[in-house]
Amino acid sequence: MSARRYKKQKISNSESDVKAPTVPRTCYIAKLPLELLAEILLCTKSPADILALTRCSKFFCRTLLHEANQYIWRYARQNCLRGGLPEPCPRFTESSFAAFVFDAGPCEICDKQVNFYSSFGLRVRLCANKTPHLSYNVGVLFFSFFAYSIRLQFNTGPNTGAVYLYSDWSRALQEYLDVSQKPDTLEGYIDASLSNHLYQLLTDILSLSALLKKECPDKDMCVALHAWRKEYVEAQNVMKDVNTKFSRELAAREGLTFWDMMNTPTYSFLMKHKNASLEEIQDLDYKTREAAIAAELVKVVESRSRRAHEAGYATCRRAVEKHYSRLRALKRETPLPSLSSFRELPTIRQIQQSVGQSVKEIDTNLQSQPIQTLVHSELAKFHLEAKNNLAAILGFTDWKTPSSKKLHPSDRLTARFQCRTCRRIEAKYKDFGSLDYDGVIMHSCSVTLDKSVPQRPFKAARFEKDTKAITAVSSLLEACDISGDEKGSHELLSAIGPRVLCLSCDAQIILEPLDVIGHSHRHESMSLAILPQDEASKIIGDHPLSHGLAVRLTSKGKISLEMRKLKVYLCRHCMQVKPKIMSISTTGMAAEALAGNTPSTSTSAAITKTSISVNTDDSAPTTDITSKAVADTAIRKVHSPAAKPSRKPTTYIFDGLRSHLKEL
């Protein structure tokens, strides 16, 4: 096996990448002679200080744990606060005894840090508001797990009875409950428990005093430690009250806030140190630290001011969002831009920054008539700039017109856009595959499939035109003799009805005029034809177009799920099979070739124009007499009556139909 090759580290020669060498901080106390270090440590009032220094580095650990330096620990223990600590038992060294007494640990119940053992005999830590689970009388069935969980060590608390750890008790109780589910096993478990543990347990309960003297040689030490801890905690509480009173007077004298001063790192450390050492805080202690405390107080005040400002700013933003939702519900300003763009309006931005007002006051201001007038004018300006920028993307730079009947390029049917950033289409425009002007200004890239993008206000540069949809709609308007820049073109095109035949599909697929926008994305080059109403009805047959059916079936909900399971769906690609084109010769038809099949086609979406005049009052088309022969021949070439299917069409459930369409 070849040795693993490691990449060489790349070394940069640029001066910016070269880091200055780290110089270790000098520890001056480590440079002191041992005699001076010992004199300093002998002045401490607790072995806890020596223990903390020992754990600072390997040098202090080797030095202070050396056998020749044990007198330092001994002297600190004997002269500790509140009369000194008792003598440790032989199994303790001076350093391990200091760790045993002063090390903190988690509470047995809530895992909160506790400074001292609540019971030095049990080595259990409990918070001040927690009480140990004491033993109590139980039946014979519980003798087995009593013997399992009993801890026969002296309890140094107010109760001198045996104490059981909660974890041991729970584990033993769970063992009994598991066995009690099986009667046969339970009887044997009880017999074994009684024979093995009953005698020992009764002996432990009846002769607890003698057993403690026999098996707990640490009893005297634990009792003394409990008495010392109790006296020390009481003295510490008294000193804490004294220092708190002094701190309040100091804060009032200096013009400071008491809790702000207490929360500064410098003064809080001083307070904790003095309380632990049972010393009173003096004016000199504050004077030597006044500059550091003042600097930290300034940071506290600034931090509080920033939090208050952020809270007020969040309140204003919520009020603006509420007003935005109200405008959308009442449809007073249509169309509305996205919320992020709405926040960028000058008036709304100024209201959002008016920190200090309540939600009710901000809401009242937003609904006032002057504010509504300003917002309306700013929205009009926003729409004008947005339309001009989008028109430039469509190729209409600096578009202007004096006519009031002309549509802005961004409001026309040929204005279709897609987002460059996320390519996401909102559910409202899912069938179209692109966005119109209303969809563009409401579009938000805040949610994508692979990453989260922060909400940003509208910017026209993030959009591009949908070339396929624009070409298809332009050709469709031309075939229907509808001017796309005239007002009312949308209604005129919708009045055509389901008469658009896609020539690029393998089947005879009939579309609504607006469905061409979404259908155009299925083909690289799309060809269409406009059919008379009767011919289109023959192709559709007894199954008219149902708009929004796929969206309803793919939505979440119990009704949609039940509808998807019904086996009632047919495939139009299988039912509306395109027959062979019938070749009919007619004189005077030089321009009768099908669109999309001749090399002279000028657009990618060619339309077979049948000279149809649109009548919005009647869905049936009226054909010109002079071109009736040409139109009829073109339609007969596009569509001849399809042969009846040889067998009954196959029905699918909705999911099965989707799988079937993927195979086509």
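In which helix does Lys-360 lie? Select helix H17, residues 359-366, and Lys-360 is found within that segment; helices here are DSSP runs of H or I with at least four residues, numbered from the N terminus. The model is predicted, so local features need pLDDT of at least 70 and side-chain atom pairs count only at pLDDT 80 or more, while totals for chains, interfaces and linings use all residues. Residues are numbered from 1 along each chain as its sequence is written, and side-chain values use heavy atoms, with hydrogens and water left out.

Lys-360 counts as exposed because its relative accessibility is 69% (buried means under 20% relative accessible area, exposed over 50%, partly exposed in between, with a 1.4 Å probe and protein chains only).

Next, select Asn-275 in helix H12, residues 265-276. Asn-275 has a relative accessible area of 8% and is therefore buried. Show the side chain of Asn-243 as well, since a polar contact of 2.8 Å joins the side chains of Asn-275 and Asn-243 (a pair of N or O atoms within 3.5 Å; within protein, one must be able to donate a hydrogen and the other to accept it, and residues adjacent in sequence count only if both atoms are side-chain atoms).

Move to Glu-279 and Lys-274, whose side chains meet in a salt bridge of 3.1 Å, N to O (a side-chain nitrogen of Lys or Arg within 4 Å of a carboxyl oxygen of Asp or Glu). Glu-279 is partly exposed because its relative accessibility is 22%, whereas Lys-274, at 12%, is buried. The whole structure holds 20 salt bridges.

Another pair to display is Glu-321 and Arg-343, with a salt bridge of 3.8 Å, N to O. This pair links distant parts of the chain, 22 residues apart: Glu-321 belongs to helix H14 (residues 290-330) and Arg-343 to helix H15 (residues 339-343). Arg-343 is buried at 9% relative accessibility, and Glu-321 is partly exposed at 38%.

Finally, select the cysteines. How many disulfides does the structure hold? There are zero, a disulfide being a pair of cysteine sulfur atoms within 2.5 Å. Cys-419 is in no disulfide, and its nearest cysteine sulfur, that of Cys-445, lies 3.4 Å away. Cys-419 is buried at 1% relative accessibility, and Cys-316 is buried at 0%.

Terms used:
Helices (H or I, at least four residues) and strands (E, at least two) are DSSP runs, numbered from the N terminus.
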